[in-house]
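The entries below follow the order in which I checked things.

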Amino acid sequence: MKEFLQTVIAYRYETAAMILFGIGFINLLLQKNLLRKVMAFNVMDSSVFLFLAAQGYIEGRIAPIIVNNDLSATTYINPIPSGLVLTGIVVSVSVSAFFLALILRLYKKYHTIEFDEIMTLAKKEAE
Amino acid sequence: MMGAALSIGPALLFSEVSASGGMLPWYQNIPFFSIFLLMIAGIVMPLFRKGKGGFCLAMGVSLLVAAMSAVLLVKLSANGERFTYMMGHYPAPWGNEIAAGPLEALLALMFSLIEALALLGGRKDAASDILEPKQSLFYLMMCELQAAMLALTYTNDIFTAYVFIEISTLAACSIVMARDTAKTIVATIRYLVISLLGSGLFLIGVVMLYCITGHLLIPQLGEKIAELVATGTYTEPLTIVAGLLFIGVAIKCALFRFTRGFRLRTAARRRPRARCFPAWCSRGISYCWSSSFTRCSPLSSSAR
Amino acid sequence: MFECLLLLSLILCAIFALTQKRLLMVAIIYMAYSLVMTVIWAMLQSPDLAITEAAVGAGVTGILFFVTLKKIHALKGTKDE
Amino acid sequence: MGKKFLSKFENWLNGEEMPLRERHVRSLHRKKHVQAEPLPEDVRINRFIHLYHVSAVLVAVCLVGVLLYTVFHLPLFGSPNNPASNEVAQRYIEQGLAETGAVNAVAGMILDYRAFDTFGESNVLFLAICSVIVLLLRDQNNIVVEEDVQEKHEREIEKANEDIILKRIAFLIVPCILLFGMYVVLNGHLSPGGGFSGGSIMGGGLILFAASYGAARVKLFFNMRTFRTITTTALLCYALSKAYSFFTGANGLESHIPLGTPGAILSAGLILILDICVGFVVACTMYGFYAFISRGEL
């Protein structure tokens with residue numbers, strides 16, 4: 001038990017990220033409210049970014065912005081994860097804006113944002 | 001599937017031509033130009049007020065790309081050549097790169113022809129179903145979708161693949177909802193949610209793979225994974241990563257069923273043929289990805 | 001220690017954000033989540049990410065959520081209703 | 001048999017309850033004289049939803065378990081010799097200053113070494129704003145009369161209760177926000193930040209201005225036409241400069257772009273120009289999202 005706790009604390013960022021990923025995933029599957037689905041998607045994506053950024057961190061080193069002409073790689077953390085996360089954040093913002101626009105259009109038509117109600121209404125309309 | 005991919009793997013790895021030093025043979029610039037032509041066509045598309053100009057531009061560019069891919073296919077299949085092309089001034093483990101061989105050229109030709117046919121077939125429907133000011137935006141989506149498919153075909157970098165998968169998702173969603181009725185929007189939301197699940201799993205797979213190997217380019221990944229498998233380190237994470245990547249891509253590839261059925265059943269009145277394109281694309285992603293998995297065959301061997 | 005506290009609050013924020021009844025609370029707690037994330041990224045020595053997350057997660061995404069809520073008439077108890 | 005199963009599976013994938021109903025009818029036919037009481041439809045749907053919930057929870061719990069198990073086998077957090085910090089990261093830091101001229105290694109990496117990704121990313125933004133325009137632009141498909149009436153009513157309320165505090169504060173801080181955004185964009189290669197973060201700060205400033213002073217004020221200098229011109233020009237500039245650098249790089253040509261002295265504001269070759277382009281695109285896009293979602297026009 002104690003060993004397990006020590007492992008969890010050693011891998012605290014990764015553990016938290018994976019739990020957040022699970023929370024986002026399950027809510028994306030189960031929530032009927034479309035706005036909450038968007039939230040869940042955002043939580044899921046940012047948990048992956050947290051995981052990635054934690055992988056680039058190295059104990060006792062500083063951000064990769066060159067100071068005092070110190071060019072040795074042992075002074076700075078790994079810059080690659082930061083760059084990848086930056087790209088990923090843009091993608092997730094774009095997707096959530098698109099999702100919100102879709103929700104607005106559906107609301108204009110059906111006056112609800114509960115997905116199962118929308119499906120029922122759509123089916124009724126088709127018949 | 002992984003096993004089948006493994007068996008054709010070595011056959012695809014023909015001679016690698018290094019790209020350093022001096023001008024390249026002219027035909028090696030074709031993949032780069034075809035991707036950028038499509039993207040630039042997409043970027044200037046909103047300047048067209050009417051659908052006709054957009055249609056002409058999209059059609060012209062996709063025919064041009066098809067012709068270029070055909071030339072590339074002829075050139076490469078003559079001697080089974082395979083080359084990599086640096087995107088920038090820096091060689092492989094540091095910069096992005098794209099790679100092309102006969103198979104990639106064939107796929108690119110196929111995509112361009114399908115796109116051209118879809119544009120031609122869907123032209124009348126698009127003109128009648130989509131409002132005039134939005135038609136050029138529809139053709140923009142078609143251009144960007146094709147650019148994303150070509151980039152997915154040629155790319156040699158797994159994170160670039162993620163970005164272009166997202167581009168293809170957004171563009172395909174916009175094409176699905178182009179008719180702008182309530183039914184198409186409901187279909188789009190279902191498509192989007194499922195594809196977000198898929199891309200989330202794919203992203204986490206890419207990230208874990210990066211943590212284990214420290215590389216993002218597929219050839220280096222392949223070498224590193226072969227080394228890891230040989231030394232027996234990180235075997236469990238590797239297996240799980242392979243599973244995650246596979247499930248993510250599989251969810252994205254099987255997508256077309258989610259929209260097709262709904263559209264056929266409720267909106268079968270008259271459907272623009274252009275909208276079959278996303279379906280073809282998600283099939284295409286699977287072909288691309290099975291081809292790129294073959295390039296780092298150790299990954300597929302660890303999946304067994 | 002402080003890191004663990006931040007991570008715990010992150011998880012709590014996520015759970016609360018997704019279980020709240022009122023959509024307004026969902027949006028507000030999501031913004032708090034983004035803010036905690038910003039602090040964590042600053043502690044992980046990635047200032048680029050911290051700036052971006054503060055501007056995007058707590059700023060623009062939050063505003064977009066509020067505007068959407070206003071459009072779908074979910075802001076009960078405010079002057080708009 | 002296989003074909004039937006496949007078609008059923010496809011129907012299930014499409015989310016229809018048709019197979020359920022069919023099966024029910026068939027079972028009724030089969031047990032005609034057993035007189036089975038048919039279950040009401042909502043009970044069956046409820047049962048299906050229940051099953052879906054249980055299986056979703058199971059899948060998610062399994063996924064989290066597997067992921068946690070994997071995570072504990074990954075390289076240790078924060079250790080200096082984990083596989084991710086290899087020769088790639090080393091070169092980005094040790095030679096990044098000489099090769100790209102950027103003091104901020106992250107900016108040098110995303111805009112020079114791995115620029116193709118970043119170009120794809122700005123295309124994602126462009127696609128998103130175009131899709132939002134397709135969805136929400138006011139036209140004959142997209143006008144609800146009652147909503148317009150209500151919006152007019154709301155605007156009257158707004159005019160009657162002008163918020164003096166909001167206006168004063170916005171008057172004070174909007175210039176500061178815009179200035180800070182520009183600073184972040186222009187110093188992207190020297191300090192944390194860059195085109196994307198600076199652009200979204202500027203977009204936030206514009207949104208605050210529009211929210212406090214009314215969108216009509218913003219329309220005076222920022223309408224659909226300027227929006228289209230700025231986005232297209234900036235993205236085209238980005239695409240062409242990147243195409244030039246990719247083409248020269250792959251063909252082994254000299255790029256002839258001076259890198260300048262590291263640390264000066266006019267340095268780092270293309271990175272400064274790309275940052276400015278991205279900043280413009282992102283600021284326009286963020287304001288565009290707000291404007292289209294709130295009003296359906298710029």
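**Salt bridges and the D–A interface**

I looked up Asp117(D) and found it buried, as is Arg114(D), where buried means under 20% relative accessible area, exposed over 50% and partly exposed in between, with a 1.4 Å probe and protein chains only. I note that this is a predicted model, in which local features need pLDDT of at least 70 and side-chain atom pairs count only at pLDDT 80 or more, while totals for chains, interfaces and linings use all residues. Residues are numbered from 1 along each chain as its sequence is written, chains are lettered from A and ligands numbered from 1 in the order in which they are written, and side-chain values use heavy atoms, with hydrogens and water left out.

I then checked the pair itself: Asp117(D) and Arg114(D) form a salt bridge with their closest N and O atoms 2.8 Å apart, the term requiring a side-chain nitrogen of Lys or Arg within 4 Å of a carboxyl oxygen of Asp or Glu. Arg114(D) also meets Asp157(B) in a salt bridge, at 3.0 Å from N to O. Arg114(D) lies in the loop between α6 and α7 of chain D and Asp157(B) in the loop between α5 (132-154) and α6 (158-176) of chain B, so this pair joins two chains; helices here are DSSP runs of H or I with at least four residues, and strands are runs of E with at least two, numbered from the N terminus. Through shared partners, Asp157(B), Arg114(D) and Asp117(D) form one network.

I counted three salt bridges over all chains. One of them pairs Arg12(A) with Glu3(C), at 2.9 Å from N to O. Because Arg12(A) sits in helix α2 (residues 12-30) of chain A and Glu3(C) in helix α1 (residues 2-19) of chain C, this pair too joins two chains. Arg12(A) is buried at 17% relative accessible area, and Glu3(C) is buried at 16%.

How many salt bridges are there between chain D and chain A? I found zero between chain D and chain A, although 58 residues of chain D are in contact with 55 residues of chain A, contact meaning heavy atoms within 4.5 Å. The area buried between them is about 5100 Å², with carbon and sulfur atoms giving 76%; buried area is the accessible area (1.4 Å probe) that two parts lose on being put together, summed over both. Phe72(D), Phe77(D) and Ile93(D) supply 16% of what chain D buries against chain A, more than any other three residues.
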